[in-house]
Amino acid sequence: MCDNLRKSEQVVSDVAATIVIDYAEELKKCGKNKEQIRLEVAKFIASPRFLEAVKQKVDEYIAKFDDSEKLVRLH
């Protein structure tokens with residue numbers, strides 16, 4: 001059980017990190033400098049938008065996993 005919890009926490013952490021990296025890359029494409037990116041990312045991480053983005057992405061992964069489980073059971 002604890003091992004599964006650690007794996008789940010790692011998945012959420014990886015998803016969050018990916019979302020932050022993608023957000024920072026988008027800011028860079030918009031011409032923001034390093035300090036502006038740092039400040040915007042800090043604001044984003046503290047916002048409900050960030051939590052919602054992480055939740056949505058984790059839900060997408062869970063749905064894919066659930067769908068693949070159903071396919072495996074059908075075969």
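## A first look

Of the 75 residues in this protein, 19% count as buried (under 20% relative accessible area, with exposed meaning over 50% and partly exposed in between, using a 1.4 Å probe and protein chains only). Please keep in mind that this is a predicted model, where local features need pLDDT of at least 70, side-chain atom pairs count only at pLDDT 80 or more, and totals for chains, interfaces and linings use all residues. Residues are numbered from 1 along each chain as its sequence is written, and side-chain values use heavy atoms, with hydrogens and water left out.

The protein has three helices and zero strands, giving the pattern α-α-α along the sequence. Helices (H or I, at least four residues) and strands (E, at least two) are DSSP runs, numbered from the N terminus.

## Aromatic rings

Let us turn to the rings. The structure holds two aromatic pairs. Rings of Phe, Tyr and Trp (its six-membered ring) pair if their centres lie within 6.5 Å; planes under 30 degrees apart count as stacked, over 60 as edge-to-face and the rest as tilted. Tyrosine 23 and phenylalanine 44 form a stacked pair, because their ring centres are 4.1 Å apart and their planes stand at 20 degrees. Tyrosine 23 belongs to helix H1 (residues 2-29) and phenylalanine 44 to helix H2 (residues 34-45), so this pair ties together parts that are 21 residues apart in sequence.

The other pair joins phenylalanine 44 and phenylalanine 50: the ring centres are 5.5 Å apart and the planes at 75 degrees, so this pair is edge-to-face. Tyrosine 23 is buried, phenylalanine 44 is buried with a relative accessible area of 7%, and phenylalanine 50 is buried with a relative accessible area of 9%.

## The nonpolar core

A nonpolar core is a set of buried Ala, Val, Leu, Ile, Met, Phe, Trp, Tyr and Cys residues joined through side-chain atoms within 4.5 Å. The largest one has 13 residues, of which Ile19, Val41, Phe50 and Val54 touch the most other members. H1, H2 and H3 each give two or more residues to this core, and the largest share, seven residues, comes from H1. In soluble globular proteins, nonpolar side chains tend to be buried together.

Contact here means heavy atoms within 4.5 Å. Leaving aside residues up to four places away in sequence, phenylalanine 50 touches Ala16, Ile19, Val20, Phe44 and Ile45. Alanine 16 sits in helix H1 and is buried, with a relative accessible area of 16%.

## The largest pocket

On a 1 Å grid over the protein atoms alone, a pocket is an open set of points where a 1.4 Å probe fits, with protein on both sides within 12 Å along at least five of seven lines; lining residues have an atom within 4 Å of a point. About 170 Å³ of space lies in the largest pocket, a volume being the space filled by probe spheres set on the points, which are joined across faces, edges and corners.

Its lining is made up of Ser8, Val11, Val12, Val58, Tyr61, Ile62, Phe65 and Asp66. H1 and helix H3 (48-74) are the elements that give two or more residues to the lining, with the largest share, five residues, coming from H3.
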